[in-house]
Amino acid sequence: MTRSFLLAAGVLLPASLLSLVVALAWGSVAIPLGELPRVLTGEASALHATLITELRLPRALAAFAAGGLLGVAGALMQVLLRNPLADPYVLGLSGGASVGALLAMLAGLSMFSVSAAAFAGAMLSTLIVFGLAHGTGSWTATRLLLTGVVVAAGWGALISFLLAVSPTEELPGMLYWLMGDVSHARHPGPAWGVLVFVVLAALPLGRTLNVLARGPMQAASLGVSVRPVEWSIYIAASLITATAVTQVGAVGFVGLIVPHMLRLVFGNDQRVILPASALAGGILLTLADTLARTIIAPEQLPVGVITAMLGVPVFLFLLYRSR
Amino acid sequence: MSPADAHADVSAAALSVHEAPTADTLLATRDLVIDIPERADSSPLHLTVNPGQCWGILGPNGAGKSTLLHTLARLRPPRAGGIELTGQPLGSLSRPDLARRLGLVFQNHHDGFPATVLETALIGRHPYLRPWDIETREDVDAARAALATVDLDGIEGRQVDTLSGGERQRLALATVLTQDPQVLLLDEPTSQLDLHHQVSVLQRVRGIAAGERRAAVMALHDVNLAARFCDHLLLMFPDGGACWGPTRTMLVPAALERLYNQALSVGEVDGHPVFLPRVE
């Protein structure tokens with residue numbers, strides 16, 4: 001365990017820094033690497049200083065935090081449901097968030113209100129799935145998964161309906177939001193706070209999650225209070241996802257693929273996988289967003305398109321090479 | 001005598017040997033009725049498992065053997081009655097405390113996510129570690145030693161999903177050996193094992209039960225293995241009746257015939273009684 005932890009930290013921490021540096025240096029105006037330290041000392045040109053401190057740095061930090069949150073949420077959901085296909089999106093969270101955001105856009109509200117509506121939508125979806133999965137009978141992972149998938153399908157229909165009745169000029173903004181959009185993220189502070197808190201809280205819980213991954217009965221016989229732990233994971237993963245979605249819209253795929261990539265490389269100890277998912281998810285979304293705003297600059301692509309285009313080949317390559 | 005005739009002769013109450021719990025008793029049930037959904041109440045159990053004892057639970061499919069073991073491990077609530085572990089009510093113990101004193105080997109083994117053989121055995125140390133603790137060299141050594149006792153020491157690095165059914169069953173036993181509880185519950189620990197490993201696993205279980213302040217309770221399908229390795233037996237009849245006591249008093253052919261609804265031929269091999277199904 002200690003070896004994989006150090007290996008993961010040794011690879012991912014420098015890679016995280018590198019991804020942030022790349023995000024600062026690349027863009028419609030390329031800034032030489034040597035210029036970056038001068039921004040700190042105040043010797044850089046006014047244009048570069050403004051570009052970095054006002055635009056690129058908040059955006060890069062927001063992308064990193066949101067990616068990290070999505071990675072951790074995916075890792076938690078996969079343990080909770082003991083299903084490698086689980087991620088917060090499968091459980092209807094992004095659907096609820098999207099419906100909230102689209103309604104706010106239709107009403108012509110500000111970007112801040114759109115974020116708030118997305119958060120409310122995600123939490124509403126959580127409550128619906130939470131309440132219905134409990135039902136009158138016993139609570140099982142399969143039941144939670146099925147409830148989530150069906151609720152997600154319901155949100156999907158609502159999203160299509162909202163897109164169909166929306167005025168044409170609203171559609172590009174809505175589609176961007178649905179595919180993920182970091183360009184409006186300016187205040188990464190709360191997301192970072194949540195990310196740091198969750199990783200610190202998850203570390204001591206990691207071994208319990210390892211045991212829980214063997215099934216609820218086995219976990220209970222090894223001293224785990226299964227029900228409280230399971231509900232805590234579900235609520236935590238929901239809050240994490242809602243926070244991420246509020247920042248960057250409905251970026252799919254990070255929560256599904258990042259934890260699996262890491263498992264293929266570092267094994268399946270949650271004490272390694274959870275913090276590693278935070279870093280790797282952050283790296284993926286930061287790099288993806290940098291590409292999204294540079295490939296066809298000055299136009300921008302939805303970041304969700306890039307995460308999929310980067311993630312799919314890397315994941316398939318790792319899966320193909322694994323035993 | 002047909003199994004049906006035996007019913008009248010072998011009433012559960014006449015066979016049962018009740019032992020009152022003492023200060024040494026590890027596991028005791030009082031008027032315990034297990035909860036099998038949509039089944040009438042079975043007869044209350046007053047089991048007393050003392051140190052050094054190795055109990056076998058015999059009964060046909062669906063008689064409630066697994067349900068009883070799960071109830072004893074507080075994985076499901078009883079319908080009535082109570083259970084005491086070393087004199088304390090089971091419900092008063094915290095889960096980790098319970099897991100340090102009582103361990104259960106399940107009949108079915110979940111795959112979950114990929115894990116190596118050593119990692120799987122090592123989770124037996126979970127109840128002993130505080131949240132921030134990392135497994136120490138001693139924990140790993142305990143897991144390695146447990147793997148060696150079930151002949152799995154050569155394949156510590158193998159992925160669990162590449163193991164055979166029997167190897168996986170032995171791995172589950174190694175995990176509970178790493179857990180090192182006072183009371184060992186086993187749900188059909190030999191169902192997938194070859195002959196040699198059936199014997200070696202049951203010898204190991206009996207050896208543990210003979211240790212200081214230890215005991216084992218296991219559900220078994222093989223009457224002959226139970227007769228050979230268990231000193232006490234609990235018979236769970238399909239109609240909800242039950243009887244229990246020292247093995248020699250329980251091995252009444254008529255009772256076993258009623259238990260399985262199967263005519264038996266009885267013989268003696270190496271001085272031990274042997275029961276085989278009689279096929280017309």
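## Strands side by side

Two strands count as a pair if DSSP finds at least two bridges between them. In this predicted model, strand 7 (residues 183-187) and strand 8 (residues 215-219) of chain B are joined by 5 bridges and run parallel. Within strand 8 of chain B, B:Val217 is the residue that stands opposite B:Leu185.

## The sheet of chain B

Let's step back to the sheet itself. In chain B, 6 strands make an open sheet with mixed pairing, in the order 6-7-8-3-9-10. Strand 6 and strand 10 (242-246) of chain B are at the edges with a single partner strand each, so one side of each has no neighbour in the sheet. From one strand to the next, the twist averages 15 degrees.

Helix 7 (residues 165-179) of chain B lies across strand 6 and strand 7 of chain B, and runs at about 175 degrees to strand 6.

## Where the chains meet

Chain B has 23 residues in contact with 20 residues of chain A. On the chain B side, helix 4 (95-101) and strand 6 (102-105) each supply at least two residues, and helix 4 of chain B gives the most, with 4 residues. The residues on this side of chain B comprise 16 nonpolar, 5 polar and 2 charged.

## The nonpolar core

The largest nonpolar core holds 179 residues, and A:Leu69 and B:Leu185 are among those with the most contacts inside it. Helix 3 (residues 46-81) of chain A provides the largest share of this core, 18 residues. From chain B, domain 1 (10-86 + 182-252) and domain 2 (112-181) each contribute at least three residues to this core.

Leaving aside neighbours within four places in sequence, A:Leu69 has contacts that include A:Ala191, A:Leu195 and A:Ile240.

Conventions
Residues are numbered from 1 along each chain as its sequence is written. Chains are lettered from A and ligands numbered from 1 in the order in which they are written. This is a predicted model: local features need pLDDT of at least 70, side-chain atom pairs count only at pLDDT 80 or more; totals for chains, interfaces and linings use all residues. Two residues are in contact if their C-beta atoms, placed from the backbone, lie within 7 Å. Ala, Val, Leu, Ile, Met, Phe, Trp, Tyr, Cys and Pro count as nonpolar, Asp, Glu, Lys and Arg as charged, and the others, Gly among them, as polar. A nonpolar core is a set of buried Ala, Val, Leu, Ile, Met, Phe, Trp, Tyr and Cys residues joined through C-beta atoms within 7 Å. A residue is buried if 20 or more other C-beta atoms lie within 10 Å of its own, exposed if 12 or fewer, and partly exposed in between; C-beta atoms are placed from the backbone. Domain bounds come from an automatic or database domain assignment. Axes are lines fitted to C-alpha atoms, for helices over the stretch in contact, and angles run from 0 to 180 degrees between N-to-C directions.
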